[in-house]
Amino acid sequence: MPVSTVYRGTLAHSTRDEALQILEDFVLGVDAEGKIAFIEEGQNVDSLSQTWGFQTSDIIQLEQHEFLMPGMVDTHIHASQYSYSGTALDLPLLDWLNTYTFPVESRYKDLDFARDVYTKVVKRTLRNGTTTACYFATIHTDASLLLGQIADAFGQRALVGKVCMDCNSMVPYYKEPLKECKDETLRFIRELLKKKYARVKPVVTPRFAVSCSSSLLHTLGKIAKNNDLHIQSHISENKAEVKLVRQLFPDCKSYTDVYLKHDLLTDKTVMAHGCYLSDEELKIFHERGAAISHCPNSNLSLASGMLNVRNVLNHKVKLGLGTDVAGGYSASILDALRRAMDTSKALTMQDAQLQTLTFEEAFRLATLGGSEALSLDDQTGNFEVGKDFDALRVNMCIPGGPVDVFPGQGPKVILEKFLNLGDDRNIVEVFVAGRRVVPISRTIEIIPEPSANKAIQLLTRSSDTLLDRRQHFII
């Protein structure tokens with residue numbers, strides 16, 4: 001497979017053994033299918049050009065204060081809550097859901113409203129460097145399918161979940177009867193898979209144990225197993241929630257046991273929060289291969305709790321970061337990374353025996369850790385030959401940028417500055433499977449069809465560049 005693009009400069013990524021590996025003056029080639037063809041030291045460039053058939057003059061040379069890093073992974077985000085992100089943070093979880101979330105999510109039967117919000121959240125997260133997102137949508141099948149279409153159109157790798165809930169006594173108009181929920185979930189899965197999107201797949205999504213009957217949980221467990229699908233939900237986010245689950249499922253030993261008994265805890269499961277999981281529950285997570293999405297902004301913003309990340313890692317549980325919009329007010333994984341380190345330090349102040357999360361470890365959680373949590377690490381998460389080129393090109397000296405760099409500051413210091421101080425202005429290009437998706441240069445238009453579903457029409461300017469469609473070098 002011939003290469004389409006070759007970069008030379010500094011690369012930063014994580015490996016199985018190292019939280020942070022910085023490769024200075026390396027050459028990385030991307031083939032025509034958007035996969036990493038080679039990663040070699042810069043001194044080997046002449047032999048590489050002969051082997052792979054490219055001209056050294058066509059290599060994209062990164063500047064002194066630029067680097068490539070893997071795309072970031074948001075393991076838990078409510079796309080449907082994006083419209084009110086940054087607001088409504090004055091109530092604890094259960095009251096917050098009833099007062100703000102359910103009324104807003106009920107509006108997604110309006111596909112025009114859904115199109116507007118979903119387009120904006122996909123574009124925003126891409127600009128923020130999120131190349132992979134695990135989305136909660138709503139109970140509305142057509143709007144959930146629309147989210148999948150929009151993510152695919154803009155090139156984002158995504159797991160999209162139609163929310164399932166058949167219990168909601170506080171906001172009774174926002175739920176589905178058991179049979180309808182089952183039928184619509186199957187329709188959602190069937191129709192999304194029928195689209196054959198390369199990087200957008202369905203994820204079975206019981207909202208959480210509080211809003212699902214045992215019958216629904218059993219049904220969803222069977223659907224996930226029969227179709228070999230990912231599963232996402234919430235667990236042990238808030239003390240009142242944990243207490244309520246104990247009352248609703250008295251035959252279960254723990255919150256984790258609820259999902260375990262309903263076949264919803266698998267090696268393709270990611271559960272958000274986990275603030276109050278016991279050591280015994282974490283052992284079950286490890287044994288089942290299930291993952292936790294750490295959502296520190298939301299945990300703090302709704303005063304839900306603080307996850308002891310060190311304890312989770314010590315139990316060898318797969319762990320990634322989530323923005324949890326809109327309980328978390330920011331749609332940036334950089335913010336989640338910072339809040340994760342803040343939370344770790346706060347817990348260390350309470351217990352000096354704890355080892356604080358390092359920025360290198362937080363970097364890993366934002367990239368490779370997230371891909372592992374979503375069981376996508378065979379495709380993305382770091383720079384390995386054969387994996388998709390999901391990457392950010394970061395420039396720390398962008399004009400008008402938020403960070404100042406000084407003489408003598410090397411790549412590791414520059415990376416740390418980006419993680420702590422950088423923002424979307426520093427992320428000058430974003431790639432998913434070799435395709436440049438940022439800067440965004442496409443518009444999306446929804447064309448009504450006779451059916452209840454909607455189609456997407458892409459109006460693409462002639463200047464758009466798809467690196468995985470054309471074999472050439474972009475300077």
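Tutor: Happy to! Let's start with Ala 326, which sits in the loop between β14 (318-321) and α12 (333-350); helices (H or I, at least four residues) and strands (E, at least two) are DSSP runs, numbered from the N terminus. The peptide bond leading from Val 325 into Ala 326 is cis, and its omega is near 5°.

Before going on, a word on what we are looking at. This is a predicted model, in which local features need pLDDT of at least 70 and side-chain atom pairs count only at pLDDT 80 or more, while totals for chains, interfaces and linings use all residues. Residues are numbered from 1 along each chain as its sequence is written, and side-chain values use heavy atoms, with hydrogens and water left out. The pLDDT (the predictor's confidence in each residue, from 0 to 100) averages 93 over the chain, and 93% of the residues score at least 70. Residues 448-475 have a pLDDT below 50, yet beyond near neighbours in sequence this stretch has 74 contacts in the model, a contact being heavy atoms within 4.5 Å. Where pLDDT is low, the predicted coordinates should not be read in detail.

The axes of α12 and helix α14 (residues 411-421) come within 8 Å and cross at roughly 95°; axes are lines fitted to C-alpha atoms, for helices over the stretch in contact, and angles run from 0 to 180 degrees between N-to-C directions. That angle makes α12 roughly perpendicular to α14, since under 35 degrees counts as roughly parallel, over 145 as roughly antiparallel, 65 to 115 as roughly perpendicular and the rest as oblique. Leu 334, Leu 337, Arg 338 and Met 341 of α12 meet Phe 418, Leu 419, Asn 420 and Leu 421 of α14. By class, these are six nonpolar, one polar and one charged, where Ala, Val, Leu, Ile, Met, Phe, Trp, Tyr, Cys and Pro count as nonpolar, Asp, Glu, Lys and Arg as charged, and the others, Gly among them, as polar.

Another cis bond runs from Val 438 to Pro 439, again with omega near 5°. Pro 439 is in the loop between β17 (435-438) and β18 (442-448).

Now for another helix pair: the axes of α4 (residues 141-154) and α5 (residues 178-194) come within 10 Å and cross at roughly 25°. That makes α4 roughly parallel to α5. The contact of α4 with α5 has three nonpolar, three polar and four charged residues.

Helix α4 also packs against α3 (residues 111-127), at about 35° with the axes 9 Å apart, and this crossing is right-handed. Here the classes are 11 nonpolar, one polar and three charged. Beyond α5, in the loop between α5 and β10 (200-206), Lys 196 has a positive phi of about 55° although it is not a glycine.

Terms used: Left-handed = near helix turned anticlockwise from the far one by under 90°.
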